[in-house]
Amino acid sequence: MLRISGLRTGYGDVPILHGLDLEIEEGMIGAVVGANGAGKTTTMRAIAGILPAWQGEIHVAGERIDGLAPQKRVEAGVILVPEGRRLFPSMSVRENLELGSLHPRARSARAGTLEQVFEIFPRLRERENQRAGTLSGGEQQMCAIGRGLMGLPRVLMLDEPSLGLAPIVVETIFDVVRRIRAEGVTVLMVEQNVRHALALSDRAWVLEHGRIEIEGAGDEMLADERVRRAYLGM
Ligand code: ATP
């Protein structure tokens, strides 16, 4: 569903990603883990088109998207839920959700999708008319993921979805990610919670200094000595 080959990009003339290869099958969860500054967020920005690729190709469902403007990628089903949620605090929960469905394919399905999002996140239904800025951190993350779902993603990218959340809320968010996979959506996530991310993911990549150093199935990675030493403190 998502295939990246030889991706190089950076900021200004400073290279950050040095030829990234990554592939996720439809309906799977992929996780990118690695130290701060490894290039995880940069990878997602390049896929979303916020940052142009210098070299390499990005394909989604067989279609090459690396030349497309960010909005065209959204229409193609490539949707990023950014780190820090980026909601509009003075708008209501419902208005924030609706902002996820501006492109024609999503707009015509809006009422039905909103109902599905409320089924996944009953808390958002309860808070539908409340200003997003008054939500708890966990509720804001739910709203941000809900907004992503409103765009009818084929590939949903989650940048640090568990950051700053209490353990019980992290469980809820990860349960939702499983449910999203069960609906057939392909998920690519970046996580600092390496243990959780590997346990959840079908495929995972350790990124170091803009290069993939280790790659494998999530459960294999959990058992990998290098991963255990460097990221699981064992
Ligand atoms: P983190 O968990 O800290 O966000 P990350 O793996 O997501 O880490 P990136 O945010 O992709 O890392 O950053 C990779 C490198 O690019 C870092 O060295 C960072 O300083 C640099 N960088 C990130 N954003 C910019 C920017 N807008 N301009 C210049 N350099 C940037």
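Buried means under 20% relative accessible area, exposed means over 50%, and partly exposed lies in between, with a 1.4 Å probe and protein chains only. The model is predicted: local features need pLDDT of at least 70, side-chain atom pairs count only at pLDDT 80 or more, and totals for chains, interfaces and linings use all residues. Residues are numbered from 1 along each chain as its sequence is written, and side-chain values use heavy atoms, with hydrogens and water left out.

View 1. Helices (H or I, at least four residues) and strands (E, at least two) are DSSP runs, numbered from the N terminus. Along its principal axes, the C-alpha trace spans about 45 × 40 × 30 Å. Buried residues make up 49% of the 234 residues. The accessible surface comes to about 10600 Å². Carbon and sulfur atoms supply 48% of this surface. Accessible areas come from the Shrake-Rupley method with a 1.4 Å probe; for residues, only the protein chains shown count as cover.

**View 2. Four strands form an open antiparallel sheet.** The order is β2-β1-β4-β5. At the edges stand β2 (14-24) and β5 (63-64), each pairing on one side only. Two strands pair if DSSP finds at least two bridges between them. Eight bridges join β1 to β2, while five link β1 (residues 2-11) to β4 (residues 55-60). Which residues are the bridge partners of Arg8? In β2 the partner is His18, and in β4 it is Gln55. Leu2 stands opposite Val60 in β4. The hairpin of β1 and β2 has two residues between the strands. There, Gly12 takes a positive phi near 60°. In a regular strand, side chains alternate between the two faces of the sheet.

**View 3. Helix α1 lies across β1, β2 and β4.** The helix covers residues 40-48 and runs at about 110° to β1. Axes are lines fitted to C-alpha atoms, for helices over the stretch in contact, and angles run from 0 to 180 degrees between N-to-C directions. Contact means heavy atoms within 4.5 Å. Is α1 mostly enclosed or open? Seven of its nine residues are buried, so α1 is largely enclosed by the rest of the structure. Among them are Lys40, Thr42, Met44 and Ile47. Gly49 follows α1 and has a positive phi, near 90°.

**View 4. Six strands form a second open sheet, with mixed pairing.** The order is β6-β7-β8-β3-β9-β10. β6 (78-81) and β10 (211-216) each have a single partner strand, so one side of each is left without a neighbour in the sheet. Neighbouring strands are turned by 20° against each other on average, direction ignored. Strands β7 (residues 155-159) and β8 (residues 186-190) run parallel, joined by five bridges. Asp159 has Val190 as its bridge partner in β8. Helix α8 (residues 167-182) packs on the sheet and touches β3 (29-33), β7 and β8. Its direction makes about 150° with that of β8. Helix α7 (residues 137-150) lies across β6 and β7, at about 170° to β6.

**View 5. The largest nonpolar core has 45 residues.** A nonpolar core is a set of buried Ala, Val, Leu, Ile, Met, Phe, Trp, Tyr and Cys residues joined through side-chain atoms within 4.5 Å. Leu97, Phe121 and Leu124 touch the most other members. Leaving aside its neighbours within four places in sequence, Phe121 is in contact with Met142, Ile145, Gly146, Leu149 and Val176. A second, separate core of 23 residues includes Leu2, Leu22, Ile58 and Leu188.

**View 6. Arg85 has a positive phi although it is not a glycine.** The value is about 70°. Arg85 sits in the loop between β6 and α3 (93-98). Its relative accessible area is 10%, and the residue is buried.

**View 7. Glu160 also has a positive phi, about 50°, although it is not a glycine.** Glu160 is found in the loop between β7 and α8. At 7% relative accessibility, Glu160 counts as buried.
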